[in-house]
Amino acid sequence: MRQLELVAPFRFEMQTVPAPEAGAGNAVLDIAYTGICGSDLHAYRGKHPNVHPPIVLGHEMVGIVRSVGPGADTALVGRRVVVEPGLPCGECPRCREGRGHICDSLRVVGCVGWQGSMAEQLEVPARNLIPLPDGLGLREGATVEPVAVAVHAMGRVTDIRGPVLVVGAGPIGVMVTQTARAVGATRVAVSDPRAERRQAALAFGADAAIDPTRGDMRAAVREALGPDGPQVIFDCVGIARSVADAIRCARKGSRIVIVGVPEDPVPVDIAAIQDWELELVGTLMYQRRDFEAAIAYLARGSVRTEGFVTDVVELEAAPAAFERLATDPGAAMKILVKGPAA
């Protein structure tokens, strides 16, 4: 089979390797689609804090089960499935607390310790497979992972029943926008310096789209959300400017959730955090229940995917897609890499 390996920053190699065989408890998938994620781009540029070449990327995946190994459920064969890519150890204190997504020795398919889905086939633990309901197509299945990121981010907030600010209108930003509305946000404003991304945010349900490079952003946010400002802010970028904007636009006593993966160290205005009693919290990945909730949101239409996938490319064209996104991150919303099961 063919697989596309990132062998060094900015350099892929197409390889022909033996097709995988399902080991005990595992399954082999024929890959249908793999989404190119922002964290994949960080790894491509050599800027991801945890993902380093050589590696086969790809953790936003959907496929069809070809075979299962001893101990795995044979009823999975032929099913359309998504893969929850987190592989916790099950033994560390975090795992015993039920927080395996922040396992002390976490492996992640396509990121750390396990090859990813930018290949024709992939072997994964069968326990990580989640079948798709009949109403969801394979392309929609490829969007489950980014929706699960947004669902887990919502879980980092006790309650959302007021106005929300989303910083960044990329793929995760528009999913956070929709998911915030689904869990009860009264109004959602989104900020992004790119006009096409602001238009996308509005198309995906934002009440207002703000250019953070023009005028007084704090005033613009309050005009959009009301004089008290946002109850919660989700930073879906993770750079110095976005974090500073989030803190500047916060109301006293509010919570800022850092969703975006930073490529570089980010300075933080600790004085504002202290004096305004702000809560600055992180969110990492997801758990299985977040995947299941994401599938439910998609199945009932609470989160829409029309217009989210803007490009589909063959496996051999994926390096050019990465180069395009690295040069112009706003060139596409979501690019899928097509596999043989599509």
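This report describes the strands, nonpolar cores, salt bridges and one surface patch of a predicted model.

Residues are numbered from 1 along each chain as its sequence is written, and side-chain values use heavy atoms, with hydrogens and water left out. Because the model is predicted, local features need pLDDT of at least 70 and side-chain atom pairs count only at pLDDT 80 or more, while totals for chains, interfaces and linings use all residues.

**Strands and sheets**

Helices (H or I, at least four residues) and strands (E, at least two) are DSSP runs, numbered from the N terminus. Two strands are said to pair if DSSP finds at least two bridges between them. Strands of a sheet pair through backbone hydrogen bonds, either parallel or antiparallel.

Strand β3 (residues 26-35) is mostly covered, with ten of its ten residues buried; buried means under 20% relative accessible area, exposed over 50%, and partly exposed in between (1.4 Å probe, protein chains only).

| Partner of β3 | Bridges | Example of facing residues |
|---|---|---|
| β4 (residues 60-68) | eight | I31 and G63 |
| β9 (residues 121-125) | five | V28 and E123 |
| β18 (residues 334-338) | three | G35 and L336 |

Elsewhere, three strands make an open sheet of mixed pairing, in the order β6-β7-β8. Since β6 (86-87) and β8 (113-114) each have a single partner strand, they stand at the edges, and one side of each is left without a neighbour in the sheet. Two bridges join β6 to β7 (residues 107-109) in the antiparallel sense, and G86 is placed opposite V108 of β7.

**Nonpolar cores**

A nonpolar core is a set of buried Ala, Val, Leu, Ile, Met, Phe, Trp, Tyr and Cys residues joined through side-chain atoms within 4.5 Å. The largest core has 79 residues, of which L57, M118, V164 and F234 touch the most other members. Helix α4 (residues 144-154) supplies the largest share of this core, eight residues. In α4, eleven of eleven residues are buried, among them V144, H152 and M154.

Contact means heavy atoms within 4.5 Å. Leaving aside neighbours within four places in sequence, the contacts of M118 include L4, I36, L57, F322 and V337. A second, separate core of 19 residues includes V167, A250, I256 and L278.

**Salt bridges**

A salt bridge is a side-chain nitrogen of Lys or Arg within 4 Å of a carboxyl oxygen of Asp or Glu. The whole structure holds 21 salt bridges. In one of them, E120 and R2 meet at 3.1 Å, N to O. E120 lies in the loop between β8 and β9 and R2 in strand β1 (residues 2-8), so the pair ties together parts that are 118 residues apart in sequence. E120 is partly exposed at 22% relative accessibility, and R2 is partly exposed at 29%.

D245 and R241 form another salt bridge, with the closest N and O atoms 3.2 Å apart. Because D245 and R241 are four residues apart in helix α8 (residues 240-249), about one helical turn separates them. D245 is buried at 2% relative accessible area, whereas R241 is partly exposed at 41%.

**Surface patch**

V268, I270 and L280 form a nonpolar surface patch with about 240 Å² of accessible area together. Patches consist of residues with over 30% relative accessible area and no salt bridge; like charges are joined within 9 Å, nonpolar side chains (Val, Leu, Ile, Met, Phe, Trp, Tyr) within 5 Å. Accessible areas come from the Shrake-Rupley method with a 1.4 Å probe, and for residues only the protein chains shown count as cover. V268 lies in the loop between β15 (255-258) and α9 (270-275) and is partly exposed at 32%.
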